[in-house]
Amino acid sequence: MSSDFSPAFIDFEASSLDLIASYPIEVGICMPDGALHSWLIQPHVLWQDWSESAETIHGISRQRLLQEGMPVSEVAQQLNKLLPEQVFCDAWTFDSFWLHRLFRAAGEVPAFQLESISMLLDPGQVRHWSGIRQQVIAELGLPMHRAANDALILHKTWERVICRGEAAVQ
């Protein structure tokens, strides 16, 4: 992957980790230039799943979503407007499930393709990813399990993994 390529990243927070009942409650994106966007998502009328333990992790209450969240259709439209053709995530199984649940509830179709970040990395970069990610988390000092912060962590880790690979080549 050339150093002039810079991907967009996406991250979801969800009502739980139940891959049948859960739904997205927050989505954050980090654009190729590092710009961040995030939205709290108002639960669709059919979305009733809620995990107290998940709420403890992300710190977002269902009441807050009902009061401050944006309707699913607006969130889907914003994502389609802002994101390039491909966007990358670090938990494809979960993120693709929540992405499709969001767009299905909105009656929209994603204008972009969701891919795993592993598609961007060679085996050496995959080996270094976790350690570099931990360094980035420590340096940024941001609260984790908030969608925009987690998307920024992906962006910064990507930059460092790629720069590290180039330094090794020289």
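1. Phe12 has Val27 as its bridge partner in strand S2. Strand S1 (residues 9–14) and S2 (residues 24–30) pair in the antiparallel sense over six bridges; pairing requires that DSSP finds at least two bridges between two strands. Strands here are DSSP runs of E with at least two residues, and helices are runs of H or I with at least four, numbered from the N terminus.

2. This is a predicted model, in which local features need pLDDT of at least 70 and side-chain atom pairs count only at pLDDT 80 or more, while totals for chains, interfaces and linings use all residues. Residues are numbered from 1 along each chain as its sequence is written, and side-chain values use heavy atoms, with hydrogens and water left out.

3. In S1, six of six residues are buried (under 20% relative accessible area; exposed is over 50%, partly exposed in between; 1.4 Å probe, protein chains only). In a regular strand the side chains alternate between the two faces of the sheet. Phe9, Asp11 and Glu13 lie on one side of S1, Ile10, Phe12 and Ala14 on the other, and both faces are covered.

4. His58 belongs to helix H1 (residues 52–58). His58 counts as buried because its relative accessibility is 6%. Polar atoms of its side chain lie 3.3 Å from the backbone oxygen of Ala14 and 3.1 Å from the backbone nitrogen of Ile60. A polar contact is a pair of N or O atoms within 3.5 Å; within protein, one must be able to donate a hydrogen and the other to accept it, and residues adjacent in sequence count only if both atoms are side-chain atoms. Leaving aside residues up to four places away in sequence, His58 touches Glu13, Ala14, Ile25, Trp50, His145 and Arg146 (heavy atoms within 4.5 Å).

5. Trp129 is among the buried residues of H5, as are Ile132 and Val136.

6. At the start of H5, a side-chain oxygen of Asp122 comes within 3.0 Å of the backbone nitrogen of Gly124. Gly141 follows H5 and has a positive phi, near 60°.

7. Val45 sits in the loop between strand S3 (36–40) and H1. Its relative accessibility is 65%, so Val45 counts as exposed.
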